[in-house]
Amino acid sequence: LSDTLKKLKITAVDRTEDSLEGCLDCLLQALAQNNMETSEKIQGSGILQLFASLLIPQSSCTAKVANVIAEVAKNEFMRIPCVDAGLISPLVQLLNSKDQEVLLQTGRALGNICYDSHEGRSAVDQAGGAQIVIDHLRSLCSITDPANEKLLTVFCGMLMNYSNENDSLQAQLINMGVIPTLVKLLGIHCQNAALTEMCLVAFGNLAELESSKEQFASTNIAEELVKLFKKQIEHDKREMIFEVLAPLAENDAIKLQLVEAGLVECLLEIVQQKVDSDKEDDIAELKTASDLMVLLLLGDESMQKLFEGGKGNVFQRVLSWIPSNNHQLQLAGALAIANFARNDGNCIHMVDNGIVEKLMDLLDRHVEDGNVTVQHAALSALRNLAIPVVNKAKMLSAGVTEAVLKFLKSEMPPVQFKLLGTLRMLIDAQAEAAEQLGKNVKLVERLVEWCEAKDHAGVMGESNRLLSALIRHSKSKDVIKTIVQSGGIKHLVTMATSEHVIMQNEALVALALIAALELGTAEKDLENAKLVQILHRLLADERSAPEIKYNSMVLICALMGSESLYKEVQDLAFLDVVSKLRSHENKSVAQQASLTEQRLTVD
């Protein structure tokens with residue numbers, strides 16, 4: 001090797017092709033035997049710089065020079081030296097060659113230099129290598145002989161290494177229109193395992209970028225992937241296709257294309273095959289297939305297509321997952337129902353056809369140390385089903401509140417959040433149910449506790465909203481007393497200062513009802529929570545929404561029945577703030593300001 005390197009220095013200058021070829025053969029042999037050590041010697045000899053001058057299109061040795069570079073660049077420590085030796089520009093020039101072997105070895109050399117190397121990618125980018133490779137892929141796409149397929153595979157691999165984990169280079173390839181070309185390649189060469197695999201890895205790489213989804217949607221990628229998927233028996237290959245399908249299926253247009261291409265049938269078949277297996281691979285595949293199924297149902301069009309008015313085979317199959325003994329299927333089934341329950345028509349149909357009982361049975365199986373994800377999914381489904389007005393009474397009489405209340409002791413914020421949302425949906429405009437729940441001391445005490453869950457804003461917000469809803473929908477003195485005794489008043493007052501107008505409003509309406517129905521009971525708590533000061537702030541703040549100003553004034557009038565609170569109102573000079581609001585652009589606010597001013601003056 002040492003002799004060859006010395007000889008190569010002389011030969012490179014003389015350019016005698018025969019002896020040059022002998023030297024290159026010797027280097028390739030040494031690299032084949034011990035790549036790392038040989039590469040270290042090549043680097044130490046300073047010969048890399050000479051290679052730049054040997055990469056000439058006319059020479060018969062060019063392909064071998066490129067092959068040597070491809071071999072040394074397999075070592076991480078050689079990639080920057082290859083860039084520093086000025087090899088990138090002459091290699092990119094060689095991409096214009098007509099010689100297939102030169103193209104093959106050049107593609108390998110550039111691909112290996114780019115692998116995990118920022119410097120390599122940058123140099124190829126500056127030399128404009130990507131565009132030439134994409135043009136080659138386009139022009140060679142339809143030729144199916146083995147040598148050409150090998151070249152296409154190398155070029156796909158080179159683009160992969162060039163853009164891997166680099167958003168801006170991936171975006172560049174997408175702008176150059178690489179996606180339609182790769183989809184075409186996949187369709188034409190689906191028999192070639194190596195090339196298919198390269199295309200899949202490239203798709204997986206590009207599909208993460210938002211900008212790629214539009215381009216993918218305009219090709220027949222869904223059809224090609226489903227066709228390929230149906231042919232695969234090996235777990236690893238299916239796994240690769242799944243890795244491309246998941247990010248693509250986030251796009252609604254592609255969801256629909258995948259449904260139309262028959263992906264759902266494939267997924268249902270996998271579920272059927274793997275459901276009773278305890279092999280790790282099968283369990284993983286069952287999870288991936290059922291997760292993907294749920295993802296396809298997140299698109300409105302694809303979901304409606306699969307629902308088929310509740311008569312669809314897919315909907316029926318998903319229903320059968322809920323009573324299964326497999327946690328993963330129970331979870332996917334409940335999530336799928338939650339996705340089907342995204343419009344009123346579907347919700348009404350499902351409730352009329354007994355879905356609620358199935359979900360309650362499922363919840364029942366998970367009360368004691370149950371599976372948190374299944375609890376969360378089943379509660380999500382019930383919450384969505386409770387949105388249409390006609391479903392509320394039916395679900396209440398089916399005993400949904402009792403089923404949900406069993407999870408009051410849960411310490412899991414996601415479960416707490418969905419539990420609260422479900423109860424809030426159920427009691428909306430249902431006075432009797434709201435009264436019954438509002439008198440449930442255990443529930444109210446738990447709500448008050450969750451109103452302080454500062455680490456979980458969602459749980460805190462939902463608890464406040466449910467407290468307010470219990471008062472607003474029941475309009476019951478008993479409910480108010482229960483909430484006062486449990487220490488809930490201060491939370492409703494704090495809720496009036498929320499950054500969300502809808503929550504502020506719900507709080508103010510609940511507080512007005514408290515003041516109208518049970519002012520004596522709540523007086524002390526309202527004082528301690530500094531309600532009057534807060535109302536003054538809300539009225540004086542120009543950013544407060546009209547309905548907030550209106551309800552704050554209604555509440556001020558209601559508070560005048562309490563001596564101590566009225567004194568606070570007088571001390572804070574409310575008249576000034578209220579009289580300014582008489583000329584408010586919102587008619588209701590202006591009218592309420594006049595009324596409030598009269599009350600303040602008369603009193």
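Author: Two residues are said to be in contact when they have heavy atoms within 4.5 Å. The model is predicted, so local features need pLDDT of at least 70 and side-chain atom pairs pLDDT 80 or more, while totals for chains, interfaces and linings use all residues. Residues are numbered from 1 along each chain as its sequence is written, and side-chain values use heavy atoms, without hydrogens and water.

An automatic or database assignment places domain 1 at 430-523 and domain 2 at 530-602. Their C-alpha centres are 22 Å apart. Across the boundary, 13 residues of domain 1 are in contact with 19 residues of domain 2.

The two domains bury about 1,200 Å² between them, 76% of it on carbon and sulfur atoms; buried area is the accessible area (1.4 Å probe) that two parts lose on being put together, summed over both. Leu508, Leu519 and Glu523 supply 38% of the area that domain 1 buries against domain 2, more than any other three residues.

Helix α35 (residues 501-528) gives the largest share of the side of domain 1 that touches domain 2, with 10 residues. Helices here are DSSP runs (H or I, at least four residues), numbered from the N terminus.

Between the domains there are 0 salt bridges, a salt bridge being a side-chain nitrogen of Lys or Arg within 4 Å of a carboxyl oxygen of Asp or Glu.

Definitions and conventions: Helices (H or I, at least four residues) and strands (E, at least two) are DSSP runs, numbered from the N terminus.
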